[in-house]
There are 4 protein chains.
Amino acid sequence: MEFDLVIRGGTVATASDTFAADVGIAGGVVTALARGLPDGRETIDATGRLVLPGGIEAHCHIEQESSTGAMTSDDYASGSRSALFGGNTTIIPFAAQHRGESVVATLEKYHERARKSVLDYSFHLIVSDPTETVMRKELPKVFADGITSFKVFLTYDKLVVSDEQLLDILVTARENGAITMTHAENNALIKWMVKRLLAAGHTAPRFHAVSHPAAAEAEAISRAVRLATFVNAPLLVVHVSTDEGATIIADARRGGHPVFGETCPQYLFLTREDLDRPDGAKFMCSPPLRDAKLQADLWRHLQAGSLVLWSSDHAPYRYDETGKLSAGPDAPFPRIANGMPGIELRLPLLMSEGVNRGRITLNQFVALTATNAAKLYGLHPRKGTIAVGSDADIAIWNPGETRRVAQAGLHDAMDYTPFEGMELTGWPETVIARGRIAMRGGEMRAAHGDGRFLKRAPFDWTGYSAARPPELDPAIAFGAALL
Amino acid sequence: MEFDLVIRGGTVATASDTFAADVGIAGGVVTALARGLPDGRETIDATGRLVLPGGIEAHCHIEQESSTGAMTSDDYASGSRSALFGGNTTIIPFAAQHRGESVVATLEKYHERARKSVLDYSFHLIVSDPTETVMRKELPKVFADGITSFKVFLTYDKLVVSDEQLLDILVTARENGAITMTHAENNALIKWMVKRLLAAGHTAPRFHAVSHPAAAEAEAISRAVRLATFVNAPLLVVHVSTDEGATIIADARRGGHPVFGETCPQYLFLTREDLDRPDGAKFMCSPPLRDAKLQADLWRHLQAGSLVLWSSDHAPYRYDETGKLSAGPDAPFPRIANGMPGIELRLPLLMSEGVNRGRITLNQFVALTATNAAKLYGLHPRKGTIAVGSDADIAIWNPGETRRVAQAGLHDAMDYTPFEGMELTGWPETVIARGRIAMRGGEMRAAHGDGRFLKRAPFDWTGYSAARPPELDPAIAFGAALL
Amino acid sequence: MEFDLVIRGGTVATASDTFAADVGIAGGVVTALARGLPDGRETIDATGRLVLPGGIEAHCHIEQESSTGAMTSDDYASGSRSALFGGNTTIIPFAAQHRGESVVATLEKYHERARKSVLDYSFHLIVSDPTETVMRKELPKVFADGITSFKVFLTYDKLVVSDEQLLDILVTARENGAITMTHAENNALIKWMVKRLLAAGHTAPRFHAVSHPAAAEAEAISRAVRLATFVNAPLLVVHVSTDEGATIIADARRGGHPVFGETCPQYLFLTREDLDRPDGAKFMCSPPLRDAKLQADLWRHLQAGSLVLWSSDHAPYRYDETGKLSAGPDAPFPRIANGMPGIELRLPLLMSEGVNRGRITLNQFVALTATNAAKLYGLHPRKGTIAVGSDADIAIWNPGETRRVAQAGLHDAMDYTPFEGMELTGWPETVIARGRIAMRGGEMRAAHGDGRFLKRAPFDWTGYSAARPPELDPAIAFGAALL
Amino acid sequence: MEFDLVIRGGTVATASDTFAADVGIAGGVVTALARGLPDGRETIDATGRLVLPGGIEAHCHIEQESSTGAMTSDDYASGSRSALFGGNTTIIPFAAQHRGESVVATLEKYHERARKSVLDYSFHLIVSDPTETVMRKELPKVFADGITSFKVFLTYDKLVVSDEQLLDILVTARENGAITMTHAENNALIKWMVKRLLAAGHTAPRFHAVSHPAAAEAEAISRAVRLATFVNAPLLVVHVSTDEGATIIADARRGGHPVFGETCPQYLFLTREDLDRPDGAKFMCSPPLRDAKLQADLWRHLQAGSLVLWSSDHAPYRYDETGKLSAGPDAPFPRIANGMPGIELRLPLLMSEGVNRGRITLNQFVALTATNAAKLYGLHPRKGTIAVGSDADIAIWNPGETRRVAQAGLHDAMDYTPFEGMELTGWPETVIARGRIAMRGGEMRAAHGDGRFLKRAPFDWTGYSAARPPELDPAIAFGAALL
C-alpha cells in the first residue's frame, strides 16, 4: 500500500457518513480510507480539519456571452481558479448555442475555451435553436459524447423555447439518456411588466424585481413540470426562488417523477432591498432577489430535500462599462446584464450559515454541494464523494476559521462581490484535484490546463418511480391506455 | 292589476326558492307573483307543472364558421328555434373575429345574421387578432355597446393568443368592465400529440381524444388562472372537462379571485368510448369526451358550486359533406370539424338526470341554466329569474313527461344528436318570451325576428374579494408593494 | 286579492334576486309580490327601503346555564326582544342537556322557558350525555317532534363527547334525518395549555386566547370532518375561526360530503388585542378572537361560499358578579364565563360592513342571515325568504341610516356590547313577524308569547353528492366494498 | 496495518456510495476501506458479492406479551438468530410497560430477557401508563441510560394514550432528547366498526381489515402530527399503510418539522385478499393489509423519501393454540392475535423486489434498512454504515442467488411465514457482527449472549428546521408571540 499523498488525521464526510480516517491517494484516486495509514510521498496533517469532497459547481457562466451581448469577465482561467479557491474541484459551465449555430460548433468553441481550466470540467449545453438538424442529428451525438445535460430557457426573447419545442427536447433528452434543465420564468409575463414599468418611467434596478414577480416563476415551473411529467422525462429546475416553485417540484417527485430543483446562495443571503442601494445593479439577477420569507422557505426546502442542488449561478459581469454599466450608468434595468458572481463563496456561505449554525448537517452540505450534482449529472461515483476508487478531489476545510468577505481576497476577474463584508466561519485551506495539491494556504499550485474534460454518463433512472423510461414513442406510450 | 297573461297554479322556482304561485304578466314583464290572481287576457293552467325561468344558452355556435372553415348548419333561424323548443328564452352565441378583421365589422355581420332570431340574444365576441387598434379603440366601444364578455382561445393555430396577448386582453377587459372567457387547452401539447399520432397512422376519431389529454386542459387552466389572478381580472373557463381543472378554478375562487367554470352535458352523459362507434366523428369535440370517473367528478363540482354554468357548446356540424365529413368519410381526425349539437337537450338532460334523480335541487337547476349566466354576463335581473320586473321569460315544464330522444323530434338543422335514444323525464311544454307564448304544445308561435339584441351590463364585482378592481394601472398596482 | 298588510314601494331581496315590488300579506303569509297592489288593511310605505327576510338567529344562548354554571342574563323575553330589534323573526337557541338528564326533560324545560318568546323559535338540542336510552329511545322521538339538529362539543370537560360517541351520534342523526352541529376544539390541547399557563401565573383574559390556539380548532375540525365523512353524515361546524378550518370544511364539501361551516361577527370585527383592554373579560369567547389576517380570511370564505352561516353566538353573561365576574374581578381566565352578546347587532354589522362596503351582495346577506339557515335546519320555505306562501317574516331596512352602537340603545339584558362605539350604516326600521308588525320605529308592538314553536323538517340531502344516505347500516355500508 | 478480518474484493455500499474495496477490520471495528489490503487473520473472499451494513431491525416484537395476552413465539434467542440469518446485526425490540408497572421494572425485565441475544440490541420503550412518577422521575432516567425512543399507541384499549397524555409525552421526550414513536390508528373508529361488524355476525379474519379502515389511520396520523408540530417535538409514525398518512408526514417534514414515517414489507407484498384464504388469520396485522394501489403508493413514497424506515414489525404469534388460535379455530377476529413474522425476510424482500427490479438503488436499500434507523435512533455512526471507526457490522450478499421462501428454511420459532413460496433473488451469505463472523453459509457461528446492549444517543435535531428545540417551556414558547 503505497500512496502518492496521504491526508492524515482529519474528519472525513460523505453525503451519509462522518468519520475520522486517513485518506490514502495513489494514481489520482482515493485508494484507502483507514486508521493509521503509512505516510505517502507527501502527507498532509489534517488534524482538526474537515476532509470533504471537492465541490462540483454545476451552474456557472464562464467565458460566455450574456443574452444582452456582454462577455463574462471570467474566462476559464480565472473562473476555474476562483472556483478552486472556493473549495471546488469540478465545474460544469454552460456552452450556449446562439440561434443559427450548430451545437457541435458551439461545443467545439467551448472545448477550446476550456483548455485553460485549472479544474476538471464538463458543459451543460444551452439549446436555443432546436432545429430539425440539431434535434435529430447533433444532440444524439452530443449526448453520446458525454454531454448528458442541457438547459432550455422559458424566458429571454433570444433564448426562449416554445412549449412544443420543450416537449421535443424533453423527449429527445429522455431517449438519449440526458436530463433537461430549465430556467423557468414566464417570458410573456415579464415582458408585459417591463413594458408597463418602462412606460411609467420606472427604470431603476429595483424595478427589475418588480418586473419578475414570483408568479412568473411559479407559472413556468408549473408548466415545465406538467410537460415533463406528461412525457415522463427527467427535469431539473435551476435557481428556484419561490416557495411555490419548490413545492411544485417536490410534489411531482413525490408523485413518482424524476423532477428536481436547485437553488443559489443569493436567494438565501440577499433580498430585494439590496437593489435599493446606490449600486443596486450589482444585485440584479434572474429570477430576482426576493425577501426574508423566501430565505426561510428555502432553508426549509434544503433541509427537507425538496431542493437538491446548491449552485452559485456565477454570472460575472463587472460593475463597469464592460459589464453591468455597458449601456451607461443610468441605463434602464432591462439594459443591465443580469447575474452576479459567487463561484468562490458558494461553499463558504453554506458552511458558515448552514453547517456551523446547525441548519444542515455536514452530510447535507456534501450532498448539496457535490454528491447530488455528481449523481444527477452522470459523474458519480468518479466525482462528488470521497470513496475508494473515486477521483481524489478533496477540499480540506478549517471549520473554525473566520474571515470577512472582501472582493480583494477573491480570485475571479470581478470588481465586486455581492457578499462583501459578510463574516463567515469555515474556509477551505487545501484543495486536492485528482490527487494533486491544487491550492494550499492561499496559493494556487495547479496550472491552467490541468483540468480535463469529463465525459458524463447518462441520467440514471434507478430509484425513481419508473426504473427506466417507457420504450415506446411517448405520444403512443402516454396515450397507450386509450389506444 | 290587469295582466296580458296569467300562468295559474304552477310551482314557480328561482335560484333560491320554490313556491306555488300564479304569475301575472303585463307589458312583457312579470308584474305579479301571487295566490289567486284574476285571469289575464290569456291564462294558462299550469297545475302540476314547473314554472321556471327560460334557459339562457350562453355557449353556442350559431351561423358561425368553424376553425376548419365549415359553416354551422344552424343559422339564427333554426338555432334560436331549437333553443326555444329546449326551454330557452335567451341565447348568447359567439361572434368570431377572423384574423385581420375589425371586431366592429365582425359584430356588424353577426348583428345582421341575428335578425332572424326567435329569441332575445347577445354575443360573446371571440378575439383572435388583438391588434393595437382592436385593443385600444374597438374593444372599449364594443364593451360600451353592451358586449361585455368575450372569449379567447389558448388552442387552435388560427385562434390561439399568446400569454402576453392574454394579459393585455384580461386587463383591457377588466378596465372596461368585461369578463374574459377562455377555451383552455395547451395548444403545443395537442399539436405535438397530433403530429406523432398521425405519423404513426393513428387517424381515426378515437385518436382525437388521445391527442387532447387531460394534461393539456389542466395546464392551460392553471396558466390562465395564474395570469388572471396576477392581474386581478375576472375569468371564466368554458367547457371544463377535468377534475383538476375544476379544482384549480374553485381554489382560485376561494382564494378571493373572480374565476369561474362552466361545463356541458356531453362530459356527463357520453364517454370516450362513443368515439369507437362507426360514426365516431359525431362525438368529436374539444376538449374531448373522457370517462365515467369524470362524470362523477363533474356532478360533484356542480353540486359543490365549483362549476357554475351548464351550457351546451352547441356546435352543429352535420354528419355529412357539409360538416363532419367535408374532408371525406375517412379523413384523419384533425380534418373533422369539432363539436356536437345540444342546444335543445341541454335543459331536459339536466332536468331528467339531475333534478329527477335527486342529484341537484330544482333551484340549482335554475341557477345553472339561467340565473348564474344572467349574473355573470350582465343580464340580471332582466333575465335569468322569475321576479317582479323581470322579463317574462318563462318555461313551463311537465316534470313527469317521459320521451325518448330522437333527432326527428328536434328542431335544429342537424342530422343527428349524440343523445339519440336516451329516455328523459321532464320536458318543457310551453315557453313564454317577454310575455308572449313562443312555443306551446310542440308548436312554435313566435316569429323569426321576434328576438331583440340585449345590451349587457358590465361585470359586477360585488361579492368577490375585491369589491371593485384596483384603479391603478395593474402593472403598477401589482407591483405597488414593491415600488 | 285582499291583504291584511301591504308593504309598498320597497326593494325586495331574496337569496338570489333583488326587485322592486309591493308585498301583500294575508293570514300571516306572503300572498303577493307585485307592482301596484291595492292597499291592505294596513299599508307601510317602504320607498327607499330594503324589504328583506327577517333574520334567523341560529346560534344563540338564551335562558341557558353556561358550562361554568352562570345563567345567561337574557331569558326568552329579553333575548327574543333584542333579536327582534336586530331584524330577526326566528330564533333557534340551544336546549342543553345536563349530564344525567333525560333529553325529553331538557326539552320540556326549554319549551316552558320559551313561552315568553316574542318570536317564533325552535331549539338545537345539546347532547352531552349520549346514553343508550337517549340514543335509542329519546333522540328518535325528539327528531320526530321536529328538533332536527343538535350540537355536540369536542371540548369542555362537562360537555365533551368521545370520538366513539360522536360516531354514534352522527349515525343516529343521519338515520333520523337530523344534522349534527359541533363546537370543534381539541379539549386535550386546551387543557394542556391552560394547565401550563396557570402554572406560570398567566391568568389574565389575554391568556385565554393563548390557551385556545388555532391548532386546537383545526385539529378538531379535521377529526370531526373525517369521522362525519366516514359515516356519510351531515355535519355543521359552528363558529369557525381559522382559515384552515374553513378550508377543511370546503374541501370536504367539494369532495361530495354534506359538511358546512358557520362564522360569527366577533371574528371579523374584533381581535385578540381587545383582550388586552382593562375590561378584557368582555371579549372572551371560544374559539377566541384572533387577528386581522383571520378577518380577511373569513370575508373570503363568506364570499366564496366556504362558510354558509352568519350567526351571533349570543352568549350574554354580564360584566358583573352575575356573569363574567362571578368568580371575582381578578379571577383567572378559566373561571370567567365564555361568550359575548351580539344577537341585536349580527345583521347591522353585516349590512354595514358587508353590503354597504361592497364585500358581499344583498343576496349573499339574505342567504347568510336567513335562507341558508332555513334550508339547513328544515325551516325552508316557510321561513328564510320572501316568497308567495312563506310566512310574512320581514325586516324593512333603512340602508342609509347611520347610528353609533351603544349598549344603552340595545334591548337585551346585558350591561355591555363588545361593539360599543362602532358606527354602522343600515338598520332595520320595521319588523313584521308572521304578518304582524312586531317592531316599528324603535317600538315593540309584539307581545311576549307571540312566538310559536317551529316543528322542523328533516335534513334535505338533495343537491349533495348522495341524493340520500345509504340505507344500510353504515359500518356495513362503508365496508361494503370490502365484505 | 493489521487486521483481524479482511473482506476482499467485494462491492461496498453505504447510504450514499457504492465502490469496490477491501474492508479491513480490527478490534471489532472497520479500520480500513482500501484497495489491496493485506490479508487479515481471517480473510473472506467477497468477489461478486455486495458488502453492506448489517440491517438494523428497528421494529420487532421479541419475547413480548401481546395486547391480547399471547406471548410471542420468539424469545431473544430465536428472534435474534432469525434476524441474523436475515442479514441483520442489530435489533431494537420493544419493552412494553404494562399498566401499573414501573418502566424501570419493565426495562429490568427486558434487559434480563435480552441476555440471550446473538446480536447487539437496544429497546424502544412502550409507555402505556404515563403516570406522574413515570413521566417526571423514571423517563428522564431511562433516556439518560440510552433508551432514547419510545412508542405510544393511539389504539388498543389497554395501551391507548389520550391526546393530553400524548402532549405530555411528546414534550417530555423532547426535553430529554428522545423521539416519540406512534402506532397511529383511531381507537374509537376501530372499536365502533368492530362492535357493528360483530353484531352483524361478521367475525371472520377478513373483517379485521374492514374494521380498520384507512380513515382510522389517516385521522390518527393527522392528529399526532398536528400535536407533535404544535409542541415542536420529533415524531416517528410506525408502519404507515396509507397514501394519505405518508403524505401528511411528508408535508409536515417539508413544513420544517422533524416528523418521519416507517413502512413494512407486508404492505407492499401482500393484500387484503390474503385474509380470504382458509388460514386468513395468519395475515392479520394492524394496520391491516390493504390493496395493490397501496403497494404502488408505498414504493413511490420510499423512492421519494416520504417514508424513511423499512422495518418488519415482526410479531411472531404461531398459527396454533399458543398464538393466533388461542381462542379457538373459529374465534372472532378481535380475539386473534395481531401481527405476523418477517424479521428474516425484511431485507431479502427489499433486495429482490426493490434493488433487483430497479425500483430503488442499492444506496436507498442501505439507507432504508440500516443508516436511517441508526441516525434517527441515536446509533449512528457506530451502527448503520460501513465506515472507518464504525462497528464492523456487515452483511455479505450474493445478489444473484435465487431461493424460494419456505418456513422450513427460516430460523425463527414460527410455524409459518406469510411470504411462503415467493421466489426472491439476493440473499445474505455471511454476516459479521462487531468484527466476528456470526453467520456464514447458513451456519450460525455466533453464540447466544454475544449481543450487547447499546446505549443510544439523544435525537439529533441538526438538519431539521430548528437546529435545536426551543428552550422555553413549550406552552409558553408556542404562545410566546401572543404573550
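**Notebook: chain contacts, a sheet and a helix pair**

**Entry 1. Chain A against chain B.** I began with this pair and found 38 residues of chain A in contact with 39 residues of chain B. I note at the outset that the model is predicted. Chain A and chain B together bury about 3500 Å², and carbon and sulfur atoms account for 65% of that area. I then looked up charged pairs across this interface, where the rule finds eight salt bridges. One that I recorded joins the side chains of Arg226(A) and Glu244(B), at 2.9 Å from N to O.

**Entry 2. The relation between the two copies.** I asked which rotation superposes chain A on chain B. The rotation is one of 180 degrees, with 0.0 Å of shift along its axis, and the RMSD is 0.0 Å. The two copies are therefore related as by a two-fold rotation axis. I looked for the C-alpha of chain A nearest that axis and found that of Arg223(A), at 3.8 Å. I also compared the residues used on each side: 100% of the interface residues of chain A are interface residues in chain B as well, so the copies meet through the same surface.

**Entry 3. Chain A against chain D.** I turned next to chain D, where 49 residues are in contact with 49 residues of chain A. The area buried between chain A and chain D is about 3400 Å², with 53% of it on carbon and sulfur atoms. Which three residues of chain A supply more of its buried area here than any other three? They are Arg35(A), Arg254(A) and Val388(A), which supply 21% of the area that chain A buries against chain D. The rule finds two salt bridges across the interface of chain A and chain D.

**Entry 4. Pairs without contact.** I checked chain A with chain C and found no contact, the closest C-alpha atoms lying 17 Å apart. For chain B and chain D I likewise found no contact, and their closest C-alpha atoms lie 17 Å apart.

**Entry 5. A sheet in chain B.** I traced an open sheet of seven strands in chain B, with mixed pairing and the order β3-β2-β7-β17-β18-β19-β20. The edges are held by β3 (18-20) and β20 (443-444) of chain B; each has a single partner strand, so one side of each is left without a neighbour in the sheet.

Helix α11 (residues 346-355) of chain B packs on it and touches β7 (50-53), β17 (394-404) and β18 (423-433) of chain B. The direction of α11 makes about 130 degrees with that of β18(B). Helix α12 (residues 362-376) of chain B lies across β2 (11-13), β3, β7 and β17 of chain B, and runs at about 35 degrees to β7(B).

**Entry 6. A helix pair in chain A.** I examined helix α2 (residues 103-114) and helix α3 (residues 132-144) of chain A, whose axes come within 9 Å and cross at roughly 35 degrees. From α2(A), Val103(A), Val104(A) and Leu107(A) meet Val134(A), Glu138(A), Leu139(A) and Val142(A) of α3(A). I sorted this contact by class and counted six nonpolar residues, no polar residues and one charged residue.

Notes. Residues numbered from 1 in each chain as written. Chains lettered and ligands numbered in written order. Predicted model: local features only at pLDDT ≥ 70, side-chain atom pairs only at ≥ 80, totals over all residues. Heavy atoms only, no water. Least-squares fit on C-alpha atoms with pLDDT ≥ 70 in both. Contact = heavy atoms within 4.5 Å. Axes fitted to C-alpha atoms, helices over the stretch in contact; angles between N-to-C directions. Helix = DSSP H or I, 4+ residues; strand = E, 2+ residues; numbered from the N terminus. Nonpolar A, V, L, I, M, F, W, Y, C, P; charged D, E, K, R; others polar. Pairing = 2+ DSSP bridges. Buried area = accessible area lost by both parts, 1.4 Å probe. Salt bridge = Lys/Arg side-chain N within 4 Å of Asp/Glu carboxyl O.
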